[in-house]
Amino acid sequence: MFSRRVILISLVALLASLPIRVESRGGSSSHAQMANSQEQQPGGTSTGGSFAPVLDAQKRPITAGGFVDNGPVVFMDVTKKAGLVNWRHKMGTAKKLYILEPDGSGVALLDYDNDGWLDIYLVNGSTYDALAGKTTPPRAALFHNNHDGTFTDVAEKAGVTNDRWGFGAVVGDFDNDGWPDIYVSNFGKNRLYHNNHDGTFTDVAEKAGVALGIWSSGATFGDYDGDGFLDLFVTGYVHYDMNRPPAPGQGSETADYCQFRGAPVMCGPRGLKGERDHLFHNNGNGTFTDVSEKAGVSGPNAYYGLAAVFADLNDDGKPDLAVANDSTPNYLYINKGDGTFEDASAASGYAFNGDGRETASMGIGVGDYLNNGRLDLVNSDFSDDYKVLYRNDGDANFTDVSYEAGIASVTIPFLSWGNGFLDYDNDGWKDIFFANGHIYPIVDDHPWGTSFAQRPLLFHNLKNGKFDLVPATKGTGLAIVIAGRGAAFGDIFNNGKIDVIINNEDSAPTLLRNVNPDKNHWVELKLVGGPKSPRDAVGATVFLTANGLRQRGDVLSGGSYASSNDFRVHFGLGDATSVESVEIHWPSGAKEKISLPSVDRIFTVEEGKGITGELCVSCKSQSAMTTGQHPQAGNSPHRD
Ligand SMILES: [Ca+2]
Ligand SMILES: [Ca+2]
Ligand SMILES: [Ca+2]
Ligand SMILES: [Ca+2]
């Protein structure tokens, strides 16, 4: 979240950069050159260029306008109807004078009570008065899904209000008891909320050794060493002294970092000291050991980490690690299988965009949008930078294809946060969503073509490597203007259509219900790992073939911006009414083929046991709705 318009430094940057911007897309030699120079100067000079404002017919910035009267109806904003509108996010002051204030918080989707319906955990920020003990702190929300389209906030009763200056939330069943636990990243100590199976949680972060106490952002669970227990990676953002905050628009050697297009704004992150990242190995007994250094993922440059996700990017069965860094190169670590990782950030092409520039990365989406069996990555970033689609060309070699794919130019005015791949129309091809919103309130006072509150962006996959922006039809969820931050994707209403929940800065959240009128078929798999896999199957990969189309789905924890998505693997099937084959690669290494007897429902599949339950909301028979939604989420650990 760095001002791309740092005027003074830009003079040098612009001269050096303009020709490269135009010609170097996909050009590997200039890419490498830029990469080298920028690694030496991470404080640096990279900017996306200066862009003229894009206005709509009513002279509004395109980020807060561009609506059409008639067009597709994909999402409806059901926040109020769902009962989410009375909870408010709050972070610092409205003016956002210090970097602690504008980043906002994440959101996690999890079924905390194992009733088969996704619940929503929204992280809250805090205020200076609350930290000083003068006022009641803003509290996180845990919205229980009432199965009827409404939700009830049970955070107090559940003991997960956090009451700290919060940023991220990630889900993982770290103790393999069949009940999802929540890790909350804060400015200050973090929380590990252990699920007590009775609707309550207990914060065991201190006891488990994962509390830290710095400024943490997005985290991710993944079993990097294959011992069947989920390990935890936590990004570190900025080293921040609450008592000596850098004043806006000022500073000595860092003055240039406190301006945006010549106007004074909050300082940072450039010019500020970063924090290192942390990898915690799960000891299997409720405690973790910090192995960041040994594993080679501590990020000794202390870049400004905002989001992270474990995912098998080179298809060797071991989870690799992608880290989105703000205003500094991204990290991509390849899991070597011996407890350590190889830093492939630059070599993989993920550290920079195709112009060889470090971007202010906020979020990471992971998905196989080409249906070629490989996981691609899409990063959100600052306004005046295009959003970056990294195509996986095999063995974790990534190519920036944003321009060819059609997501580059249109995303430039937007400042994007929570993002991800989702197949919103169930045609079997993964689409892309961005939640957006600026960090500087002053952008609304200037004709810069961007706005503090922004509309979300949805791109439709055209099945040929290209995407089309879905128009923002008035009255629909794509024509809302919000200060979006964290976003999570999942089938919140169990009807096979992927919905989006967004945590907005200083306001109520937004629940976008997917009402796309397609009649396409679908299927979802809730995976349960066996004794040698994490119980929640994080790290599992599913290959499903229907109508001759082979799709890939992965169970991933984390990603987006400091958020966590539905663990159930979702497949749109187009007009296929049956599934030809399903192959599951479990984290244990076991590969299993199963056959699905029907579609348009959610199957529970347990490693080594096949289908153990199903849920079909649209089925007429009441019994089908209640048949074994859950394999026994037992009270005792499932391994010795
Ligand atoms: Ca639930
Ligand atoms: Ca648990
Ligand atoms: Ca492990
Ligand atoms: Ca699609």
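Author: β22 and β23 make a hairpin, with five residues between the two strands. Glycine 394 sits in that turn, and its phi is positive, at about 105°. This is a predicted model, so treat the angle as a computed value.

Three bridges hold β22 to β23, residues 398–400, and the two strands run antiparallel. One pair can be named: asparagine 392 stands opposite phenylalanine 398 of β23.

β22 has another partner. Strand β21, residues 376–380, is joined to β22 by three bridges, again antiparallel. Here asparagine 379 has valine 388 of β22 as its bridge partner.

Now the burial of β22. The strand covers residues 388–392, and five of the five are buried, so the rest of the structure largely encloses it. In a regular strand, side chains alternate between the two faces of the sheet. Take the faces of β22 in turn. Val388, Tyr390 and Asn392 lie on one side. Leu389 and Arg391 lie on the other. Both sides are covered, and each of these residues is buried. Arg391 and Asn392 are on that buried list too.

Leu377 is among the contacts of alanine 322, once neighbours within four places in sequence are set aside. Ala322 belongs to the largest nonpolar core, which has 173 residues. Together with Val107, Ala108, Tyr121, Ile182 and Leu232, Ala322 touches the most other members. Strand β16, residues 304–311, gives this core its largest share, seven residues.

Four strands form an open sheet in the order β33-β32-β35-β36, paired antiparallel. Its edges are β33 (549–554) and β36 (591–594), each pairing on one side only. Neighbouring strands in this sheet are turned by 20° against each other on average, direction ignored. Inside it, five bridges connect β32 (residues 541–546) with β35 (residues 581–585). Phenylalanine 543 has glutamate 583 in β35 as its bridge partner.

Last, confidence. The protein has a mean pLDDT of 90, and 88% of its residues reach 70 or more. Residues 1–47 fall below 50, yet this stretch has 81 contacts in the model beyond near neighbours in sequence. Residues 622–640 are also below 50, with 36 such contacts. Where pLDDT is low, the predicted coordinates should not be read in detail.

Conventions: Residues numbered from 1 in each chain as written. Chains lettered and ligands numbered in written order. Predicted model: local features only at pLDDT ≥ 70, side-chain atom pairs only at ≥ 80, totals over all residues. Pairing = 2+ DSSP bridges. Axes fitted to C-alpha atoms, helices over the stretch in contact; angles between N-to-C directions. Buried ≥ 20, exposed ≤ 12 C-beta atoms within 10 Å, placed from the backbone. Core = buried A, V, L, I, M, F, W, Y, C linked by C-beta atoms within 7 Å. Contact = placed C-beta atoms within 7 Å. pLDDT = per-residue confidence, 0-100.
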